[in-house]
Amino acid sequence: MEPTEVTGTYTYRSFLNEPGIVDDFGKLRFAEAELTLVATLNGAIAGIVSWPTNEDDSERAAMTLAGELVAREPALIRLRGVGAEGSAIAAFEYVYELMLAKYWPETTGPRKCLVGSVMRAKDHGNAKAGATASVIAVQRDFLEPRDIPGVALAPSTVAMLSSKWHRLWHAAWHTVRGQWPNFQKEATRAAIGDLGWGVARPPRKKRTEGNNLILDNGAGEDFLFMHRWMIKMVHSDYEGHGLPPPASWKRIPAADVGQLVYSPSSGAGGQLVFKRDAVASGNMVPSTGEWVKTPDYFSTVMRQWEANYTSPSVLASLSLGALGNLLEFTIHNAMHNRWMTPARDPETGELIIDPETGDPDSRPTFDFSDKWDSPKYDFLGEFYSSHLNPVFWRLHGWVDDRIEDWFRAQEASRPGVIKRRDLHGVEWFEVNAPWVTVGEPFVGVSLDGHGGGHGHGGHHHGGPDPQAAEIETMLEVMAAIQSDAIPTTPLSLDTGPGVGSRRERISMRFELPDEL
């Protein structure tokens, strides 16, 4: 067993070791709580066990846990839990020894369970040390951010973002930029250019030339501006409904956070209490065993990127375009992959599986049927759906905040050189090479009439529907990309069953940095 397999949220129950038959299982109850565990690759485990202190569950008591996986086959976990200093349970101290319960191959509903025992390690109040109980901890399904009150996006925003216009815009923009240097036919570029979607600044070189990032052509400015404008649309919709917009991450969430967070605050008499915290909730990394999702990846890779992209000396040395390109293809793509859960069919709820490899997959690349416009399809790992996920706006808020860090660093290093301007209703910067080089960033669509939620409902007062026309144009762009991936000549001179034209696999997923 790999240590990271224990990561997750569990319903924890402990029972008194009463040998006699009882007529009511409630008489055996020792405790019931929520248990969250996060394990590193070397077997260290951190976590929290918490339980309601009031009926509406807005406040909890909490013990922090620390321990390790001491054996893998069979899996054995040892933990020690202590109450938070200054809280009502500060004197609590318990030790746990848990094993992974057997998986029965024949079961129809497999679910991970930890079983074992807990012992009170020291006295607290009238409760004496040495008391022990048996434990069963049942792993819960991962709680999607959209299902957490206070984390889920506003209904009007979900309706706006799940529209085919917005999905196609985000998907077409990323796809045409990423594929532009790699089209096999010059006619494909010409056709897409005639549709108004030509790319003057591809972010990378051809794959056959190494696929290297291009840091001096301003492509990163396109990335930063386009997503700042998306943020403007969402904020406008929230403000139009009198709501505070989604908050960005001030720091990238640590590896040991639970999906439901109760943050410490001062209660009556100055005693420490833990209250439900919607801003801090929804940031847990779903455990799938992938390297990008481990605490080790966070501490060795992501924290270093975060330090670099918030460093005034680093930011002062970069043009805005270089910063945008580096952000997009390192920490931004990694964050999409780190926080994504496996994609599910929005109609059936079943995991989407690649029939060729058996691996988790997403929507078929060029399937733009209405099925995929369901708000339930908010898979964070691909262009057509990621912006429906509440985590998208938190991570992109963090990325957008780096623009302001960059401006402050430039101002400190070369005062007055970088000047602000209004561009399509967002705060941007005047061209001043080599620091800012793009006069009109690439966005694909016309920004007129798409300034927020109030431009996405089809209110055209009897005139032509510009949104419908743009949808048709974007579908033509996607059709051109799909057609380019199908060569007219076979891979070899051989013929017969199973032999045919090579089909290039076009991806609309965010690639991990080590795949670039």
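Predicted model: local features only at pLDDT ≥ 70, side-chain atom pairs only at ≥ 80, totals over all residues.
Helix H8 itself covers residues 390-413 and holds 24 residues. At 1.5 Å a residue, a helix of this length should span 34 Å, and the 36 Å between its end C-alpha atoms agrees with that expectation. Within H8, 19 of the 24 residues are buried, so the helix is largely enclosed by the rest of the structure. As a reminder for reading any such helix, an α-helix has 3.6 residues a turn, so residues three or four places apart point the same way.

Aromatic rings come next. The count of aromatic pairs comes to 18. One of them joins Phe 92 and Tyr 94, whose ring centres are 5.9 Å apart; their planes meet at 65°, which is over 60, so this pair is edge-to-face.

Another pair, Phe 368 with Tyr 384, is tilted, with 5.6 Å from centre to centre and 50° between the planes. Phe 368 and Tyr 384 both lie in the loop between helix H7 (320-339) and H8, so their pairing ties together parts that are 16 residues apart in sequence. Phe 368 is buried, and Tyr 384 is too. Ring pairs also build a cluster, linking Phe 225, Trp 406, Phe 407, Trp 428 and Phe 429.

The charged end of Arg 414 sits over the ring of Trp 435, 3.8 Å from the ring centre. Arg 338 lies over the face of Trp 339, at 5.4 Å from the centre of that ring.

Ala 278 is found in the loop between strand S10 (272-276) and helix H5 (295-309). Its relative accessible area is 29%, so Ala 278 is partly exposed. Which residues does Ala 278 contact, leaving aside its neighbours within four places in sequence? They are Pro 149, Gly 150, Val 151 and Arg 394. As for Lys 164, this residue is 114 residues from Ala 278 in sequence, and the two C-alpha atoms are 29 Å apart in space.

Notes: Residues numbered from 1 in each chain as written. Heavy atoms only, no water. Helix = DSSP H or I, 4+ residues; strand = E, 2+ residues; numbered from the N terminus. Expected span 1.5 Å × (residues − 1). Buried < 20%, exposed > 50% of the residue type's maximum accessible area, 1.4 Å probe, protein only. Phe/Tyr/Trp six-rings, centres within 6.5 Å; stacked < 30°, edge-to-face > 60°. Lys NZ or Arg CZ within 6 Å of the ring centre and 35° of its normal. Contact = heavy atoms within 4.5 Å.
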